[in-house]
Structures are given as structure tokens and as C-alpha cells.
Amino acid sequence: MSSLSKCFYEASAGKTCRDLWHPGFASCRHYIWDLWKRIMPGSFKLYIPLLVLPPLVKQDGVTGSYLVNHFLEYVYISIATYVQAALSLTFQCGFSNLFGYLNFWCVMFWPCLLGVLLGPRLPKQHLRLQGITFFNMMVETMIRKNRLGIVQHLRVSRWFGMLSFMALSSIIMTKLHAGIVKQFWLINPPSWNKPDHGRCGHKKSCTHNVLDGMLKYASVGLILESVRALITKFPLLMTNRSQFTTEFTKICSARLGLFLAFYVGIYRATFCLLNRHRLLEGPTQSTVAGFLAGSAYWLYPKYQVYTLAFTKAIEMSWEYWIKTGKKIPPVVEKFNRLPFVFLAQMLSFGYLGHIYAFHPQLSPSFHIKAMGFCSKNLTLNMRRTLIAWIIGYGA
Ligand SMILES: [Zn+2]
Ligand SMILES: [Zn+2]
């Protein structure tokens with residue numbers, strides 16, 4: 001038994017879900033009835049950016065039917081998330097009553113996992129977005145939590161981060177260039193990727209091709225950063241304009257834009273050079289260009305970008321292998337039929353829930369925010385109580 005779980009059992013001896021979750025309600029039934037009513041608006045609030053942003057950035061015209069469908073989808077995913085959250089909170093009491101005591105793994109881990117398993121499923125595209133985002137946050141947390149000396153050393157090494165990102169970027173660009181795997185990544189290989197006697201297929205000069213990409217990607221980075229800063233500081237905009245301006249400029253950084261601009265710039269410049277000098281052919285051009293472009297990671301060494309590249313490289317290599325491999329072993333074919341994204345979502349919800357309660361210092365900030373919204377701070381209050389128990393016990 002780990003020292004943390006031992007400490008938890010000793011600190012929570014004789015206590016029930018009422019002490020941990022609902023000191024204001026004598027019976028679980030009343031509390032559960034109340035929470036199902038109380039937390040409903042939370043997920044609607046959480047998904048407001050998903051409601052507002054897509055119509056704003058949609059390029060091929062916004063029609064009435066698009067808006068209606070978009071709104072209905074927003075309502076559906078909000079309700080699905082609400083039911084998942086309410087089920088998870090209900091299971092917290094359920095397990096406590098089932099065992100007659102508070103079980104270490106049945107505080108957060110199993111209830112969060114089961115909430116996703118038994119609640120309504122999100123539509124495919126949203127499931128993918130959420131599953132991969134949460135899976136990436138889980139990988140990030142696991143790396144930060146790992147106590148192995150070598151992992152701790154590599155985690156903070158900027159050189160290791162950059163070099164391994166270059167390798168991941170190289171894998172991703174090679175697979176995309178081969179045209180068999182079609183998935184989202186920061187950039188796409190040029191559609192004119194067949195060399196034509198040392199001439200590039202883009203319309204204007206190579207310099208224009210590189211600079212045009214850099215400018216566009218820098219603007220995308222700036223827009224994304226501004227939207228992020230706006231959403232984070234939105235309450236201040238309503239109450240205190242001058243403080244909003246100060247805080248907004250403080251957190252809105254140009255680094256993401258710089259990273260994206262250099263990523264696309266180095267990739268395109270290398271690609272044009274290789275092409276004009278007739279060096280290498282086909283996907284190997286992207287292997288080299290993608291590798292060098294990865295050095296832009298030095299400008300923006302963020303977990304979110306790293307874990308995205310990490311999961312994308314694995315996902316794309318796997319898909320490429322399944323689609324092109326001559327002899328795929330039957331066991332791999334069976335394995336490939338598993339609903340990976342759903343499993344990733346379920347497992348990461350359980351794991352991050354556990355981290356939220358027992359290793360709060362490692363919780364990703366987006367996860368803390370989502371938990372606060374979806375449970376109307378019920379999880380936050382629980383965590384405070386839990387920390388007080390453990391500190392009180394240790395004192
Ligand atoms: Zn209860
Ligand atoms: Zn060119």
C-alpha cells in the first residue's frame with residue numbers, strides 16, 4: 001500500500017461520503033436529488049466557446065440550418081456531459097454506501113471512469129476532440145508525476161524536448177506526405193509534392209511561399225492566443241475594463257504565433273531547397289523538412305504541443321501500418337477494432353479525477369476548471385475537505 005493511500009485510510013477512518021461530499025445533507029438521497037438539479041447549467045457554461053467560436057471562424061458561409069444544427073449539437077453535448085458528471089457524483093455516494101467506508105480508488109477514480117462509461121456518448125467528432133485532449137493531459141500529468149531520475153531530468157531538458165519533438169514532427173510529416181493517413185496536424189505537406197524538374201509547384205516565388213505561410217501562421221497564433229486570453233479574463237471585461245487590459249496583455253503572448261510561423265517557415269524553406277536542387281524524392285523530403293521544422297519547438301516548449309505531437313505520431317504510424325502492412329497479424333486486427341478514443345477518454349477521466357483529489361499540485365489547470373464548472377464546485381469543496389483531513393492527520 002502506498003504511503004498516500006495508507007495516510008488516506010487513517011485520516012478517513014470512520015468517515016463516510018456525507019463527511020467528504022455533503023456535510024450539509026443528512027441523507028445521500030436528498031443530496032443526490034439536489035446535485036442533479038444544481039449542476040445542470042455547468043456544462044452549458046463550459047461549452048460556450050464551442051458554441052460561439054465555430055460560426056465565427058467558419059469560412060464557407062453560415063446558413064440558418066447550420067446554426068440550428070450547431071445549436072442542437074451544443075445542447076446535446078452539454079446534456080451528455082451533465083449526465084456523465086451527475087452520474088460520477090452519484091457513484092461517489094454509491095461506493096461509500098456499498099463498502100461502508102471511503103475506498104481510496106472509489107473516491108474520484110472509479111466514479112469518474114464509470115460516469116463516462118455509463119453516461120451518454122458524445123458525437124464522434126466531439127468524442128475525438130475531448131478524448132484526445134484528456135488523454136494528452138493524462139500523459140502530461142504522468143510525466144510530471146514520474147519520480148524516476150532520468151524522466152525528471154529529460155522532462156526539464158530543453159534540448160531533449162526539442163530533439164525528440166523534431167523526431168516526432170519528422171514522423172508525422174512523412175506519414176502525411178505519403179497521402180495514406182489523413183489527420184489533423186499543424187501544417188500539411190504541399191499538394192504539389194511531385195517534383196517537376198527542379199521546379200516548385202507553387203504559383204509565386206519560393207520566398208513568397210515561405211513568407212506567406214509564416215505570416216498566415218503568425219496571425220493564426222495571435223488570434224488563438226487572444227481568444228484564449230479573452231475567455232480566461234472575460235469576467236474582468238465585464239467588471240473592470242482597465243484591469244482587464246493589464247491582465248490581457250500580461251497573458252496574451254506572441255510565442256505561439258512565433259512557433260507556428262517558424263514551424264511552417266522552416267518546413268517550406270527546406271522543402272523548396274530540396275526540391276530545387278533535386279535532392280531526395282517523395283515523402284523523404286518531408287522527413288527532412290519536418291525534422292528541421294521541429295526545431296521551432298525551442299520557441300514554445302509547451303506540454304500541450306509536445307503531447308499532441310506524441311499522440312499524433314503514434315496514431316499516424318499505427319494507421320499507416322494498418323493500411324499499408326502486407327501481413328497484419330489477426331490479433332492486431334482485432335486490437336484495431338477497439339474503440340480507442342472512447343477508452344482513452346474513460347481512462348483519462350478516471351486518472352485525472354484521481355490526480356485532482358490526491359495530487360492537486362499536478363492537476364492540469366484546464367481540468368480543474370472543467371471540474372469546477374461541471375460540478376458547481378462540489379469537487380472543489382470535497383478536495384478542500386480531503387486536504388484538511390490529510391494535513392490534520394499528518395500534523
Ligand atoms: Zn452520500
Ligand atoms: Zn519553392
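Leaving aside neighbours within four places in sequence, Leu113 is in contact with Met346, Leu347, Phe349 and Gly350, a contact being two residues whose C-beta atoms, placed from the backbone, lie within 7 Å. The model is predicted: local features need pLDDT of at least 70, side-chain atom pairs count only at pLDDT 80 or more, and totals for chains, interfaces and linings use all residues. Residues are numbered from 1 along each chain as its sequence is written, while chains are lettered from A and ligands numbered from 1 in the order in which they are written.

Leu113 and Leu352 touch the most other members of the largest nonpolar core, which holds 42 residues. Such a core is a set of buried Ala, Val, Leu, Ile, Met, Phe, Trp, Tyr and Cys residues joined through C-beta atoms within 7 Å; a residue is buried if 20 or more other C-beta atoms lie within 10 Å of its own, with C-beta atoms placed from the backbone. At least two residues of this core come from each of several helices, including H6 (64–99), H7 (109–118), H8 (124–145) and H18 (340–358). Helices are DSSP runs (H or I, at least four residues), numbered from the N terminus. H18 supplies the largest share of the core, eight residues. A second, separate core of 33 residues includes Val181, Val210, Ala218 and Cys272.

The protein is divided into domain 1 (3–148 + 341–394) and domain 2 (157–325), with bounds from an automatic or database domain assignment. Their C-alpha centres lie 32 Å apart. Six residues from domain 1 and seven residues from domain 2 form the contact. On the side of domain 1 that touches domain 2, H8 gives the most, with five residues.

Note on methods. A residue is buried if 20 or more other C-beta atoms lie within 10 Å of its own, exposed if 12 or fewer, and partly exposed in between; C-beta atoms are placed from the backbone.
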